[in-house]
There are 2 protein chains.
Amino acid sequence: MSSSASDLPNHFELLGNDGAARTGRLTTPHGVVRTPAFMPVGTAGAMKGIHWRDVREAGADIVLGNTYHLMLRPTAERIAALGGLQRFTGWGGPMLTDSGGFQVMSLSGLRKVTEQAVTFRSHIDGAKIELSPERAIEVQRLLNSDIAMQLDECVRLPAEPDDIERAMRLSLRWAERCRRAFESAPAGYMLFGIVQGGDVPALRVASAEALAEIGFHGYAIGGLAVGEPQAVMLEMIEATVPVLPGDRPRYLMGVGTPDDLLESVKRGIDMFDCVLPTRNGRHGVAYTRLGPVNLRNARHADDPRPLDEESPWPPTRSYSRAYLHHLIKAGEALGATLLSEINIAYFQQLMAGMREAIAQGRFTEFYERTKADWARGDIPARAG
Amino acid sequence: MSSSASDLPNHFELLGNDGAARTGRLTTPHGVVRTPAFMPVGTAGAMKGIHWRDVREAGADIVLGNTYHLMLRPTAERIAALGGLQRFTGWGGPMLTDSGGFQVMSLSGLRKVTEQAVTFRSHIDGAKIELSPERAIEVQRLLNSDIAMQLDECVRLPAEPDDIERAMRLSLRWAERCRRAFESAPAGYMLFGIVQGGDVPALRVASAEALAEIGFHGYAIGGLAVGEPQAVMLEMIEATVPVLPGDRPRYLMGVGTPDDLLESVKRGIDMFDCVLPTRNGRHGVAYTRLGPVNLRNARHADDPRPLDEESPWPPTRSYSRAYLHHLIKAGEALGATLLSEINIAYFQQLMAGMREAIAQGRFTEFYERTKADWARGDIPARAG
């Protein structure tokens, strides 16, 4: 670990580990995050149709906001004037924001990446906008993010190693500029660097080493879960984790399925974010202890049983499959809301289970029991 | 009042009146309804994106379900097998269902009204369906409605007096058939007749007299709020109310604005339903003590103040106008949910205020103060 890394105060406290899996506490200006942590995604300052109260009650300590969306509407300057993202939304708790770079790549038209910045047109009104590393930090400071992310360039896989390396090297230069731009941030606020390098282990290692040299409050692994097989993703995690400073939080961006979370925690990841629980919830898929359940399926239409009568989350154990099926088929907004909540709650239960198991030194047992429950699958349809 | 009317047990208890305005308690198989009551509309078994818990906490004692939607999907037979609408939805409390007739007229294609029934094609799959008075009652019994409505024919205004009278007479013959079909319903369940007669006072009187002769648990006034001026609606209420049995609840269907509610309670109406709070909420309009507020308006974009800091409903007094404006402009589902809840809560506060004022003999004072608040209007935009 370099000396510059130790320049930055460490807000992460490791509480225990079981093999590579570890549990800890990350203290942010807006509260404590228990790790391993899953961050639901509140894209444009809202968690779709879900009350913040319910996000909290489902067990989330921290949520993610999308800088790209927020900088376009309502704008970072407006949110700053209204007291920052936590107060603006009413969530009140810790928030991590991405840098905006990933969504510039995926959502906006006509974009150009130079050494200086990425330039793009707003998907809302076509306005031309330049997002430099410095501006990405400025925007996230205006949003008052507890944890800001460096601007990076993420290439889609599969890609040529030369393209992967070029983007990784550019991301490192942007990492340094972000680190400098963040120096004026008040105490307690954090900046994470992002490891790039596609599916090339040597590039991942080089990226992680260089980031550790620059020094960040925490380290993210980016550019995964972009279409590659799970085995490739896990291989990249295994290549990267040993190179990252062990006392800092490790955040796997944009991941993933419940199985991805279990496998990644096993390999030393502390934080995750993903739209899966809300996006798939809106499409009628529920995640429970019994694995994913597609509520659009007609077998649920007459089924009075809940999704999982043993769930600690009231909607999961109280609403009938028949009602949830009806809401989704009828396009009733309550269906999307309930299933998104059910999924967020299950993801949080999974994280809580992992945290407890790691603290008690029985992660392997938890891992095997959880996989066995998923493998057994959903309860069979009722006999007519 | 005819002797046949008194054949039906009366579940309505008058607790007090102030002029024509009155307050009471209607006891249903699933709970007590405090009147005057406003019923939010849960079209297809859901109150849009709102949790039933929040509908209850906002102050609603009873909600309305739309028979037309529910009979098509998930079907009345399925809901019956799942324990009735109250259990199916998880709402648990009293539910009134309309007969389906009004929405057959407004939503379905290719419909034909005969003496026997209305025949129509489902807007979902085009299936040909016959809704007779007997079937309308059967469907509502399958749904387990606490309060079922007779099938009627509602003409759009303006209409020729001959057409209005023909529909009113047909509705009376259907009322008798519904009354017979309802005879097997268990104790405690209720059937309401519906006064028709368009904007012709003499037809309203004739309809009300004939319905009172048949005898129902309660009486609705239908076919209003269909485009006529408020003065015409109030004139029809004034013509009808004195003819209806004074010990039975009076329900004004599909009404209305807060001002409509105030004016109608003043004239002796006990129950209302309307989609206004949820529909206009989805379109960005909030109803508060200060009158309607259009949150799409740019003047709210930077306003940190809540809609009404004196509101007893937490979202009304806590979320900033700027956040609500942002959610509506960004098309975030939470915006529609929050504004729908805010509106349902205000409508319930208005009803609670009227109930209390009537019980205390100061309805006129409440009426005047409420109108003065609306007339003063929303708080001015902040000085830049």
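Trainee: At what angle do helix 14 and helix 15 of chain B pack?
Mentor: This is a predicted model, and in it helix 14 (residues 321-329) and helix 15 (residues 333-359) of chain B pack at about 125°, with their axes 7 Å apart. That angle makes helix 14 of chain B oblique to helix 15 of chain B.

Trainee: Is the crossing of those two left-handed or right-handed?
Mentor: Helix 14 and helix 15 of chain B cross in a left-handed way.

Trainee: And which residues meet there?
Mentor: From helix 14 of chain B you have L324(B), L327(B) and I328(B), and they meet L334(B), G335(B), L338(B) and L339(B) in helix 15 of chain B. Sorted by type, the contact has six nonpolar residues, one polar and no charged.

Trainee: Why do we say the copies meet through the same surface?
Mentor: Because 100% of the interface residues of chain B are also interface residues in chain A.

Trainee: What about the sheet in chain B, what's its strand order?
Mentor: The order is 1-2-3, in an open sheet with antiparallel pairing. Strand 1 (12-18) and strand 3 (31-35) of chain B each have a single partner strand, so one side of each has no neighbour in the sheet.

Trainee: How many bridges link strand 1 and strand 2 of chain B?
Mentor: Six. Also, G16(B) stands opposite T23(B) in strand 2 of chain B.

Definitions and conventions. Residues are numbered from 1 along each chain as its sequence is written. Chains are lettered from A and ligands numbered from 1 in the order in which they are written. This is a predicted model: local features need pLDDT of at least 70, side-chain atom pairs count only at pLDDT 80 or more; totals for chains, interfaces and linings use all residues. Axes are lines fitted to C-alpha atoms, for helices over the stretch in contact, and angles run from 0 to 180 degrees between N-to-C directions. Helices (H or I, at least four residues) and strands (E, at least two) are DSSP runs, numbered from the N terminus. Angles under 35 degrees count as roughly parallel, over 145 as roughly antiparallel, 65 to 115 as roughly perpendicular and the rest as oblique. A crossing is left-handed if the near helix is turned anticlockwise from the far one by less than a right angle, and right-handed if clockwise. Two residues are in contact if their C-beta atoms, placed from the backbone, lie within 7 Å. Ala, Val, Leu, Ile, Met, Phe, Trp, Tyr, Cys and Pro count as nonpolar, Asp, Glu, Lys and Arg as charged, and the others, Gly among them, as polar. Two strands pair if DSSP finds at least two bridges between them.
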